[in-house]
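Here are a few notes to read alongside the model. Have a look at it first, then work through the points.

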Amino acid sequence: MLYEVGYLVKLDSLLTFPRFAVTDNHIWFQIPVQWADALVNNDETRLGKVTPKELEAFKQFMYHYVETGNVLSVGPSPYFSKHHDARPYGVLPCDVIDVKIGYDYDPC
């Protein structure tokens with residue numbers, strides 16, 4: 001999994017600044033504010049009324065970035081961002097919030 005996470009972060013670093021820290025075992029992501037509750041509770045029904053395209057974007061983000069991680073913390077306040085981590089999934093510029101995802105892995 002370390003290879004996959006490293007690959008995704010490297011791919012993501014082309015879109016935004018690098019945020020990967022191997023020694024800390026966590027990554028900061030910028031996600032749309034409306035995704036925060038669903039992400040923290042791991043429950044897509046908390047997204048509310050969304051289109052099928054928006055639901056698919058959330059599911060793809062969860063599959064690629066969060067599947068083996070745990071939400072460690074959520075930023076204090078949202079802010080507007082044109083470039084964020086949901087952008088590759090078709091999400092337009094919007095208010096985002098920082099989320100810290102921790103990963104457990106065996107480096108050996």
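1. Are Trp 35 and Phe 61 buried or exposed? Trp 35 is buried, and Phe 61 is as well. Here buried means under 20% relative accessible area, exposed means over 50%, and partly exposed is in between, with a 1.4 Å probe and protein chains only.

2. A word on what you're looking at. This is a predicted model, where local features need pLDDT of at least 70, side-chain atom pairs count only at pLDDT 80 or more, and totals for chains, interfaces and linings use all residues. Residues are numbered from 1 along each chain as its sequence is written, and side-chain values use heavy atoms, leaving out hydrogens and water.

3. The overall layout: the protein has three helices and five strands, in the order α-β-β-α-α-β-β-β from the N terminus. These are DSSP runs numbered from the N terminus: helices are H or I with at least four residues, strands E with at least two. Of its 108 residues, 34% count as buried.

4. Now the aromatic rings. The structure holds four aromatic pairs. In one of them, Trp 35 and Phe 58 have ring centres 5.3 Å apart and planes at 80°, so the pair is edge-to-face. For the terms: rings of Phe, Tyr and Trp (its six-membered ring) pair if their centres lie within 6.5 Å; planes under 30 degrees apart are stacked, over 60 edge-to-face, and the rest tilted.

5. Trp 35 has 5% relative accessibility, and Phe 58 has a relative accessible area of 3%. Trp 35 also pairs with Phe 61: the centres are 5.6 Å apart and the planes at 55°, so this pair is tilted. Ring pairs join Phe 29, Trp 35, Phe 58, Phe 61 and Tyr 89 into a cluster.

6. Strand β2 (residues 26-32) is worth a look too. Six of its seven residues are buried, so the strand is largely enclosed by the rest of the structure. β2 pairs with strand β5 (residues 94-103) in the antiparallel sense over seven bridges; strands pair if DSSP finds at least two bridges between them. Within this pairing, His 26 stands opposite Gly 102 in β5.

7. Finally, Ser 81 in strand β4 (residues 79-81). Ser 81 counts as buried, at 10% relative accessibility. A polar atom of its side chain lies 2.7 Å from the backbone oxygen of His 83.

Technical notes
Polar contact = N/O pair within 3.5 Å; in protein donor to acceptor, adjacent residues only side chain to side chain.
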